[in-house]
Amino acid sequence: MKGKGLWTRDYTRITLASILSIIGGEAINLPVSLLVFDETKSTLLSALVMMCGFLPDLLLGVLVAPVIDRSRKKRWIVGMDALLMGVYLAMAAFTHIGPFHYGLYVAFTLVTATVSVFYRLAYSAWFPDLIPSGCEQQGYAVSGTLYPLISIVMSPVAAFLYTRISVPTMFLGVAALLALSIAVEVGIRGDGAQSTGERYTLRKWRSDLAAGFQFIRREKGIRNIYTYMSFASASGESTAILIRAYFQTAPGLSVTMLGLMSSAEMIGRLISGAAQYRFTVPPKRRYGVTRFVYVFYQLMDMLLLFMPYGAMLANRFACGALGTLSATLRSTAVNSYLPADLRARMNALFDTMGACAMLLFELLAGVLGQALAYRTGVALISGLTLLAAVALILLPAKVNRPVYEATRG
């Protein structure tokens, strides 16, 4: 079986480092958001802190990606983890010696989000090279399952820790996890370098930046997939706002029921990830499976709030399972298709597109939530995303299919 060859020394280490990183992030993100609201009693100020978390994605990634593509990815990953560890240690000291200060948490969020841009681009550019050839679907299935699994466990744990231990202690704990992650990452062989060793100049940076845009302009299939995923991600986040409002206001529904619905989706993701580790979808079938999932997913989103609660649970379970399947197939295909020396630039462009789409769709959700019934707003946004799937994924089959059928080597 291919799965038996997946757990090499390097893949095991990068997976363990990812687990430690996700645990640390989940352990501190919820407590920080709870603390800001508890201290300010303002949803606006809390939202502003959250917005600072994705502001660096609007432009920074595109500017630094050419440098990361040319650099040693391992050096970036270890260096950014070390920098984050220093930030958490500084926060532990500041929160220990002084009272709550809103500006401190704004700065903290901006700094950590900026560092995360560098880390995420280096990681996403290097990770495909650490998956053994022939095990790509299993490798992405495992990595795609880590976050939902850890999130299910850590969300209640983080809430419990917030009520039991001090904020400085939490920052120290996350710093300790980062130290362990660095120790694991240092042991990974190779460094993901794509550079020839020549001095990197501003002229080369401009040339690399232009090469990235030329590639995305030339490769219509990649452009279609990235554009649709920006739509789909933004649609999911914006409809979540309206779905929460619906559960908070509709008779017979509650926030607890919304939480159970989210749990059903997470369980679907976990089961799907486990199945994909065991069974591989042949490259020739990836495109057909993905097309079906995109249409099914958006139809289920359109109908979600018009269903009885039991059907809503089944809806979210199915969408969680199929969504993870399509995400794994897309990651496997796209990272097999992209040249290794362009991965960071393409991922940075995707992050920027996603951040812009997120701002537009969240504004749209806010307007629709004020003007229409919540479930009508969800149906309209999901219907718009379904049209995007038809226009960008289903109809241009000739240019999209080669991307989905790509294999390494």
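## Thr239 in helix α9

Thr239 is found in helix α9, which covers residues 220-249. Helices are DSSP runs of H or I with at least four residues, numbered from the N terminus. This is a predicted model, where local features need pLDDT of at least 70, side-chain atom pairs count only at pLDDT 80 or more, and totals for chains, interfaces and linings use all residues. Residues are numbered from 1 along each chain as its sequence is written, and side-chain values use heavy atoms, with hydrogens and water left out.

Is Thr239 buried or exposed? Thr239 is buried, because its relative accessible area is 4%. Buried means under 20% relative accessible area, exposed means over 50%, and partly exposed lies in between (1.4 Å probe, protein chains only). Thr239 touches Val378, Ile381 and Ser382, leaving out residues up to four places away in sequence. Contact means heavy atoms within 4.5 Å. A polar atom of the Thr239 side chain also lies 3.2 Å from the backbone oxygen of Gly236. The C-alpha atoms of Thr239 and Leu305 are separated by 11 Å, and the two residues are 66 apart along the chain.

## Thr385 in helix α14

Thr385 lies in helix α14, residues 374-394. Thr385 is buried, with a relative accessible area of 0%. What does Thr385 contact, aside from neighbours within four places in sequence? The partners are Tyr228, Phe231, Ala232, Ser235, Gln298 and Phe361.

## Aromatic pairs

The whole structure holds 17 aromatic pairs. Rings of Phe, Tyr and Trp (its six-membered ring) pair if their centres lie within 6.5 Å; planes under 30 degrees apart are stacked, over 60 edge-to-face, and the rest tilted. Phe247 and Tyr309 form an edge-to-face pair, 6.5 Å centre to centre with 70° between the planes. Phe247 lies in helix α9 and Tyr309 in helix α12 (residues 309-337), so this pair ties together parts 62 residues apart in sequence. Phe247 is buried, at 1% relative accessible area.

Tyr287 and Tyr404 form a tilted pair, with 5.6 Å between centres and 35° between planes. Tyr287 sits in helix α11 (residues 283-303) and Tyr404 in helix α15 (residues 397-404), 117 residues apart. Tyr287 and Tyr404 are buried. Elsewhere, ring pairs link Trp7, Tyr11, Tyr119, Tyr123, Phe127 and Tyr140 into a cluster.

## Salt bridges

Side chains of opposite charge can pair when their charged atoms come close. The structure holds 10 salt bridges. A salt bridge is a side-chain nitrogen of Lys or Arg within 4 Å of a carboxyl oxygen of Asp or Glu. Asp69 and Arg345 meet in one of them, at 2.7 Å from N to O. Asp69 is in helix α3 (residues 60-70) and Arg345 in helix α13 (residues 343-371), 276 residues apart. Asp69 counts as buried at 1% relative accessibility, and Arg345 counts as buried at 9%.

Asp351 and Arg120 form another salt bridge, 3.4 Å from N to O. Arg120 is partly exposed, at 31%. Salt bridges that share partners join Asp57, Arg120 and Asp351 into one network. The side chains of Arg401 and Glu405 also meet in a salt bridge, at 3.8 Å from N to O. Arg401 counts as partly exposed, at 33% relative accessibility.

Note on methods. Helices (H or I, at least four residues) and strands (E, at least two) are DSSP runs, numbered from the N terminus. A polar contact is a pair of N or O atoms within 3.5 Å; within protein, one must be able to donate a hydrogen and the other to accept it, and residues adjacent in sequence count only if both atoms are side-chain atoms.
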